[in-house]
Protein chains: 2
Amino acid sequence: VLIALDAMGGDHAPAEICKGAVLACKQYGDIEIALVGDPEAIKPHIEATSSETMKRIHVVEAEDTIDMAESPAVAIRKKRKSSLHIAMQMVRSGESVGCVSAGNTGAIVAGGVLIVGRIKGIDRPGLGIPLPALERISLLIDVGATVRCKPLNLYQFGLMGDVYMRTIQSVEQPRIGLLSNGSEEIKGDELIQEARNYFKDAPVNFAGNVEGQDIPIGVTDVVVCEGLTGNILLKFIEGTGEALFSLIRGEIERRFLPKVGMMFMLPMLKELSLRFDYERTGGAPLLGVNGAVIKAHGRSKARAVSSALGVARDFVRKQGVQTIVEELEEGGVQIGD
Amino acid sequence: VLIALDAMGGDHAPAEICKGAVLACKQYGDIEIALVGDPEAIKPHIEATSSETMKRIHVVEAEDTIDMAESPAVAIRKKRKSSLHIAMQMVRSGESVGCVSAGNTGAIVAGGVLIVGRIKGIDRPGLGIPLPALERISLLIDVGATVRCKPLNLYQFGLMGDVYMRTIQSVEQPRIGLLSNGSEEIKGDELIQEARNYFKDAPVNFAGNVEGQDIPIGVTDVVVCEGLTGNILLKFIEGTGEALFSLIRGEIERRFLPKVGMMFMLPMLKELSLRFDYERTGGAPLLGVNGAVIKAHGRSKARAVSSALGVARDFVRKQGVQTIVEELEEGGVQIGD
């Protein structure tokens, strides 16, 4: 299994990305990695690696990089020698079966559509985020690949999320929820109601509408929504974590008693925060493209990079793309391209 | 200032609602309250009240009530003798200047439009929730009155939120943010981009796009969004609180050390949770209708009810409705009714 890894994308690139590649080779015996980027920048971070492992790491030169601030669609089109473009080109040509990047999310989505290409019959791809909730890990899809959706898009996100949770998280008959403003059938607008009609006849375990409070509790395995909503929710979660952290820190600095209490509480808080740290749950899959395209969190360090590579590998080994194609056919919906 | 209070709406009705009325009379010297509901059910909760206070509390009989589970639009139309219908009818007739209810949110919105009536020029009302964020209280509008919006609706929510934050929260030149999937101008869909065009020429302090993470941090005083998004966010916040609480409780039961730590941490956690308890920040205003219609949280107890009555009183005294009318004219947008 050869996975292309964008060595230049992410807050801690290239150091942590390269370390993640080495770690993944140790964790997954069957993986090979194409480390795409500036060889001079990559070199110092892999030179201590054993020659045994280095047989499975191939440095692929890329002259250019795409920054976080660049306009995604423009960058991916114009920067043909960027590490992300080349990594995705390797998937398109079949040289590698998937790619992983911790870089510019918009460029990954744009590249997924323009370079890797959509699965035939998929109208728009969906970016899913596995969120650790109280009762399970839920895949929130879409979080920004498709800002506004047609009913068909939401339906296809559900089908693809179903495949993902079965293959990667080993969930049997994942429960699929459609995010709405109420659980009753009459809730939601036309978009949501039409999407629900698709799901009703589909070969998935459709749980109907879910509401905002069902996400942190973890009522379903997949939560389907428009990219705009998912993006706002995801960033809201990040902001809430930051706001709480800053508040607690402020409180602790201000008082003496909590400082003593904190010594006792620390192990618990640490465990809680780990549990809710979605960066550690592996990568975010871009579902609906012809390959395992996995977005690692921008802040990913070696462990998270390795985890994202593991997700790409599992998705390939368990034939994620082929399964999506079959599901679409079984789904029996008219799917023009 | 006579405010109609729905004595029968809410989880703790009528007991806590009645206590809230009595409390409000003590807190606000100029308030009078029409306590609308079943006189027999109300009686035990106000009989201990001093005759001085009772001069300002008037029991208005209502035979019927609207449940939380009822279909809002149907209930408000058919149940003409329900406490909510009568309270709103009093606003319509001018008998009272505003009303407060902790009951069925959908029925309050429907009643606001159908009974109290919209302000001339307002296309759709918006339900705002004052959210305590890190740096300030932000009004999130709309949280469910208007599921899907036109650009004009979003713009009018912003104008009305501006008036609300000035009159009730005494914020000078409130910053108005438009919730989107990115801060850059090109982000958002057509709806958001057209709404932004309205704001650009408007006499408000428009801060451009805000993102999900800006809400808990409190970057702007008003956050404008579609009712679907706002509703999902609001319920997500509630669910997150519940999930965290249940997790922490489980952890404490499981360990000894945190139990000791908890004794130290408790005062701090209590203060933090109070700070983020949006039920205590007063009521949620239904903006865009011809009167001060305030939704109190369903779980409101006496203090929260009194606080919502205070919000209604302030909104009336500071001429909230008239100010909205004037802002609309200054806003210079074409506003057909």
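Which residues does A:Glu226 touch, not counting residues up to four places away in sequence? In this predicted model, A:Glu226 touches A:Asp142, A:Thr146, A:Val147, A:Arg148, A:Cys149, A:Leu154, A:Leu191 and B:Arg148, where contact means heavy atoms within 4.5 Å. Residues are numbered from 1 along each chain as its sequence is written, and chains are lettered from A and ligands numbered from 1 in the order in which they are written. Because the model is predicted, local features need pLDDT of at least 70 and side-chain atom pairs count only at pLDDT 80 or more, while totals for chains, interfaces and linings use all residues; side-chain values use heavy atoms, with hydrogens and water left out.

A:Glu226 is placed in the loop between β9 (222-224) and α10 (227-254) of chain A. Helices (H or I, at least four residues) and strands (E, at least two) are DSSP runs, numbered from the N terminus. A:Glu226 counts as buried because its relative accessibility is 6%; buried means under 20% relative accessible area, exposed over 50%, and partly exposed in between (1.4 Å probe, protein chains only). Two polar contacts of the A:Glu226 side chain can be described, a polar contact being a pair of N or O atoms within 3.5 Å; within protein, one must be able to donate a hydrogen and the other to accept it, and residues adjacent in sequence count only if both atoms are side-chain atoms. A polar atom of this side chain lies 2.9 Å from the backbone nitrogen of A:Cys149. The side chains of A:Glu226 and B:Arg148 are joined by a polar contact of 3.0 Å.

A:Asp142, one of the residues touched by A:Glu226, lies in the loop between β6 (137-141) and α7 (151-167) of chain A. The peptide bond between A:Ile141 and A:Asp142 is cis, with omega about 15°. In chain B, a cis peptide bond joins B:Ile141 and B:Asp142, also with omega about 15°, and B:Asp142 is found in the loop between β6 (137-141) and α7 of that chain. Most residues other than glycine have a negative phi, and most peptide bonds are trans. A:Ser170, which is not a glycine, has a positive phi of about 55° and is found in the loop between α7 and β7 (175-179) of chain A. With a relative accessibility of 54%, A:Ser170 counts as exposed. B:Gln173 has a positive phi near 40° and is found in the loop between α7 and β7 of chain B. B:Gln173 counts as exposed, at 62% relative accessibility.

Helix α7(B) has 17 residues and reaches 25 Å from its first C-alpha to its last, close to the 24 Å expected at 1.5 Å a residue; the expected span is 1.5 Å times one less than the number of residues. Of its 17 residues, 16 are buried, and α7(B) is mostly covered. In helix α8 (residues 190-200) of chain B, the residues B:Leu191, B:Ile192, B:Ala195, B:Arg196 and B:Phe199 are buried. The buried residues of α8(B) line one face of the helix, because they fall within an arc of 130° when seen down its axis; the arc is that of the directions from the helix axis to the C-beta atoms. These buried residues pack against α10 of chain A, together with α7 (151-167), β7 (175-179), β8 (205-210) and β9 (222-224) of chain B.

A search of the whole structure finds nine aromatic pairs over all chains. Rings of Phe, Tyr and Trp (its six-membered ring) pair if their centres lie within 6.5 Å; planes under 30 degrees apart count as stacked, over 60 as edge-to-face and the rest as tilted. One of the pairs is edge-to-face and is formed by A:Tyr155 and A:Phe199, at 5.2 Å centre to centre with 75° between the planes. This pair links distant parts of the chain, with A:Tyr155 in helix α7 and A:Phe199 in helix α8 (residues 190-200) of chain A, 44 residues apart. A:Tyr155 is buried at 0% relative accessibility, and A:Phe199 is buried with a relative accessible area of 1%. In chain B, B:Tyr155 and B:Phe199 form an edge-to-face pair at 5.2 Å centre to centre, with 70° between the planes. A:Tyr155, A:Tyr198, A:Phe199 and A:Phe206 form one aromatic cluster.
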